[in-house]
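Please read the following account alongside the sequence and the coordinates. It moves from the overall fold to a helix and then to the aromatic rings.

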Amino acid sequence: MENIKENYVIYGGVKMPVGCRFRPTGEELVIHYLMRKVHAAPLPASIIPEFDVFQTHPSGLPGDVRETRYFFYNENMNKYVGKRAAGCGYWKPIGKKKQIVANSKSNEAVGIRKTLGFCERKRRGCHNHHHESTSTTTQTRWLMHEYRLVASQANPTQAFKAGVGNWVLFRIFQKKRRPTQRTSDDMGVVSQRLSNCKRNRRLMEEYISAADHR
């Protein structure tokens, strides 16, 4: 019994049964979590922590790096425009913004999703957030989805007026690796192995044929 592992996993400080995963859709994140957070309403579960994701490299954020992680961020901490320095690199916007709709029937936009990619600086540029050069940075597999409410959903409640409701929600994960393509050297090795197999099979057939004629 001593070798039996714990029968739960932890998401955002909440214990969940093994096998369960927190994988909400964009619509669910905006309606059931972000909108409630902005208006200071009770959340379905205290599973998304508040954290300044720009304090560190994405691999250093709380939680399991192998899983998608979610964080609330209050923009009153820092107001970022364009590239956002984080640890030994920065997040930069990529692609187009996407509207999050409440349901397919009404097609009412409730939020906006922006995608950002993490660029990592080489060691000599780690401590300089103000002088960035494309030659000293590398695009990584880290991606961030930033969710925010559209203006019509951010009603100026008392909490929102006071500034405590100025929240956004981040989903951070690693993009899957693409299947590696075979190089010409790899193809040469495969071709040589096939040639050897054919030669060995021919020799075996000749040996069996000779044995039959004895």
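The paragraphs below take the chain as a whole and then its parts.

This is a predicted model, in which local features need pLDDT of at least 70 and side-chain atom pairs count only at pLDDT 80 or more, while totals for chains, interfaces and linings use all residues. Residues are numbered from 1 along each chain as its sequence is written, and side-chain values use heavy atoms, with hydrogens and water left out.

The protein chain holds three helices and eight strands, taken as DSSP runs numbered from the N terminus (helices H or I, at least four residues; strands E, at least two). Their order from the N terminus is β-β-α-β-β-β-β-β-α-β-α. Of its 214 residues, 33% are buried, where buried means under 20% relative accessible area with a 1.4 Å probe, protein chains only.

Helix 1 spans residues 26–38, and its buried residues are G26, L29, V30, Y33, L34, M35, K37 and V38. Just after helix 1, A40 has a positive phi of about 55°. The charged end of K37 sits over the ring of W167, 4.7 Å from its centre; the criterion is NZ of Lys or CZ of Arg within 6 Å of the ring centre and within 35 degrees of the ring normal.

Rings of Phe, Tyr and Trp (its six-membered ring) pair if their centres lie within 6.5 Å; planes under 30 degrees apart are stacked, over 60 edge-to-face, and the rest tilted. The count is eight aromatic pairs. Y73 and F170 form a tilted pair, because their ring centres are 5.8 Å apart and their planes lie at 40°. Y73 belongs to strand 3 (residues 69–74) and F170 to strand 8 (residues 167–174), so the pair ties together parts 97 residues apart in sequence. Y73 is buried at 2% relative accessible area, and F170 is buried at 1%. Ring pairs also link F22, Y33 and Y70 into a cluster.

Key
Buried < 20%, exposed > 50% of the residue type's maximum accessible area, 1.4 Å probe, protein only.
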